[in-house]
Amino acid sequence: MLNNIIYASYGVPCVVLYVLTVAAIIPIRKQLSPSFVAIYIWNGVINLLTYLNSWIAGSRLINEKWFAPYYHFAIQSGIIAMIHQFLINYLYFAQNINSFLLTVDRFFSI
């Protein structure tokens, strides 16, 4: 439980700041290249999904009593646990692709 409090103490403010940076990009999107804005927003969505999925699919919440019914249901159904495991690999791959696309976009915009 103490580990989860530590993770949440820096994770939640970082998520809020990340959402604020995406919200700050939206008003100035006309001044930026459309491809940069699309990749940046997509990157933000993927990063937030990765963060949330790591809390659920990782071993962070498995010892929490209030989250035990979800894990019991996920293990019993089987497919939900497989979806979470798939999303771990997929979202990490998507983060790498987004970083690559953002780098290529900035490289070609110079």
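## Salt bridge

A salt bridge is a side-chain nitrogen of Lys or Arg within 4 Å of a carboxyl oxygen of Asp or Glu. By this rule, the count is one salt bridge. Asp-105 forms a salt bridge with Arg-106. The closest N and O atoms of Asp-105 and Arg-106 are 3.1 Å apart. In general, side chains of opposite charge can pair when their charged atoms come close.

Asp-105 counts as buried, at 13% relative accessibility. Arg-106 counts as partly exposed, at 33%. Here buried means under 20% relative accessible area, exposed means over 50%, and partly exposed lies in between (1.4 Å probe, protein chains only).

## About the model

This is a predicted model, in which local features need pLDDT of at least 70, side-chain atom pairs count only at pLDDT 80 or more, and totals for chains, interfaces and linings use all residues. Residues are numbered from 1 along each chain as its sequence is written, and side-chain values use heavy atoms, with hydrogens and water left out.

## Fold and dimensions

The protein chain has four helices and zero strands. Its pattern along the sequence is α-α-α-α. Helices (H or I, at least four residues) and strands (E, at least two) are DSSP runs, numbered from the N terminus.

The radius of gyration of the protein chain is 17 Å, whereas a compact globule of 110 residues would have one near 13 Å. This radius is taken over C-alpha atoms, and the globule rule is 2.2 Å times the number of residues to the power 0.38. Along the principal axes, the C-alpha atoms fill a box of roughly 50 × 30 × 20 Å.

## Surface and contacts

Of the 110 residues, 25% count as buried. The accessible surface of the protein chain is about 7800 Å² (Shrake-Rupley method, 1.4 Å probe; for residues, only the protein chains shown count as cover). Carbon and sulfur atoms hold 75% of that surface.

Contact means heavy atoms within 4.5 Å. Among contacts between residues at least 6 apart in sequence, 66% join residues at least 24 apart.

## Aromatic rings

The whole structure holds eight aromatic pairs. One of them joins Trp-66 and Phe-67, edge-to-face, at 5.1 Å centre to centre and 80° between the planes. Rings of Phe, Tyr and Trp (its six-membered ring) pair if their centres lie within 6.5 Å; planes under 30 degrees apart count as stacked, over 60 as edge-to-face and the rest as tilted.

Trp-66 is exposed, with a relative accessible area of 58%. Phe-67 is buried, at 17%. Trp-66 and Phe-67 form one aromatic cluster with Tyr-70 and Tyr-71.
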